[in-house]
Amino acid sequence: MLRFAEEIMLLLLEDEGKRFLNVPDSSLRYALAGGVLMDLAMEDRIDTDLDKLILVDPTPLDDDILDPVLADIAAATGTHDARYWVERAASRAFDTREAAMERLVARGILERRDDRFLWMFPSRRYPLVDGEAEIEVKLRIMEVLFAEVVPTPRDVVIICLADGCGIFTELLSSEDLREVKPRIELVRRMDLIGRAVMAAIRDIWRFGRSSSG
């Protein structure tokens, strides 16, 4: 199974991997940070409520994307809310991005060539990952938004992250975004895990937008 950070990077690849979608740096950093925290929540390492993020299990996952953030949380001497940890995880975004891209190359999903990343296969499925071929993330998300395919819990997280960090404004035309906005709102209400993480990301994003405006 791919981690959220890996799928976020794949979501941003365009033209068969020839370039990345030009999203603001803050969008990428907070999307990756949220993805790491959401993976930790799904691995039962952390939990959240409106006031705090809670360490459930400090046991490392032998995962170079998740373990540094998990160790940071485990080493904390005080209690902090989800927004604090989103900001902390965002400070590691460059390392998270590099680790995600290296994994995608190692899995045979992408090829690094002349400092670019290219798709290894022309199909809309990833090659075998943990014994199963996975449908490419962008196709899955578009089917959920435009064909009203029932999303998996992981699809819900990706959509929430993309919406909360403003990625859909770059990924979709303004007309398409208006069309699927009600669907995005519906999917967002399906999120049963990490609501505090998502709320923190949306607050950070709104504050950043208003401060820069």
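Start by selecting Asp72. At 15% relative accessibility, this residue counts as buried. Here buried means under 20% relative accessible area, exposed means over 50%, and partly exposed lies in between (1.4 Å probe, protein chains only).

A word on the model before moving on. It is predicted: local features need pLDDT of at least 70, side-chain atom pairs count only at pLDDT 80 or more, and totals for chains, interfaces and linings use all residues. Residues are numbered from 1 along each chain as its sequence is written, and side-chain values use heavy atoms, with hydrogens and water left out.

**Stop 1: the partner of Asp72**

The term covers a side-chain nitrogen of Lys or Arg within 4 Å of a carboxyl oxygen of Asp or Glu. Arg92 sits in the loop between helix 4 (82-90) and helix 5 (93-106), and Asp72 in helix 3, so the pair ties together parts 20 residues apart in sequence. Helices (H or I, at least four residues) and strands (E, at least two) are DSSP runs, numbered from the N terminus. Arg92 is partly exposed, at 30% relative accessible area.

**Stop 2**

Select Arg140 and Glu7 next. Their side chains form a salt bridge (2.9 Å, N to O). This pair links distant parts of the chain: Arg140 is in helix 6 (residues 137-146) and Glu7 in helix 1 (residues 4-11), 133 residues apart. Are these two residues buried or exposed? Arg140 counts as buried at 14%, and Glu7 is buried at 2%.

Now go to Arg29 and Asp25. Their side chains also meet in a salt bridge (3.0 Å, N to O). Both are in helix 2, four residues apart, so about one helical turn separates them. Arg29 is partly exposed at 26%, while Asp25 counts as exposed at 52%.

**Stop 3: two helices packed together**

Show helix 2 (residues 25-42) and helix 3 (residues 67-75). They pack at an angle of about 75°, with their axes 10 Å apart. Axes are lines fitted to C-alpha atoms, for helices over the stretch in contact, and angles run from 0 to 180 degrees between N-to-C directions. That angle makes helix 2 roughly perpendicular to helix 3. Angles of 65 to 115 degrees count as roughly perpendicular, under 35 as roughly parallel, over 145 as roughly antiparallel, and the rest as oblique.

Which residues of helix 2 and helix 3 meet? Val36, Leu37 and Leu40 in helix 2 meet Val69, Leu70 and Ile73 in helix 3. Contact means heavy atoms within 4.5 Å.

**Stop 4: an aromatic pair**

Select Tyr84 and Trp85. The structure holds one aromatic pair. The ring centres of Tyr84 and Trp85 are 5.0 Å apart and the planes are at 90°, so the pair is edge-to-face. Rings of Phe, Tyr and Trp (its six-membered ring) pair if their centres lie within 6.5 Å; planes under 30 degrees apart count as stacked, over 60 as edge-to-face and the rest as tilted. Tyr84 is partly exposed at 31%, whereas Trp85 is buried at 3%.

**Stop 5: positive phi**

Most residues other than glycine have a negative phi. Pick Asp44, in the loop between helix 2 and strand 3 (46-48). Its phi is near 60°, a positive value. Asp44 counts as exposed, at 55% relative accessibility.

Finish at Glu148, in the loop between helix 6 and helix 7 (153-164). Phi of Glu148 is positive too, near 55°. At 57%, Glu148 counts as exposed.
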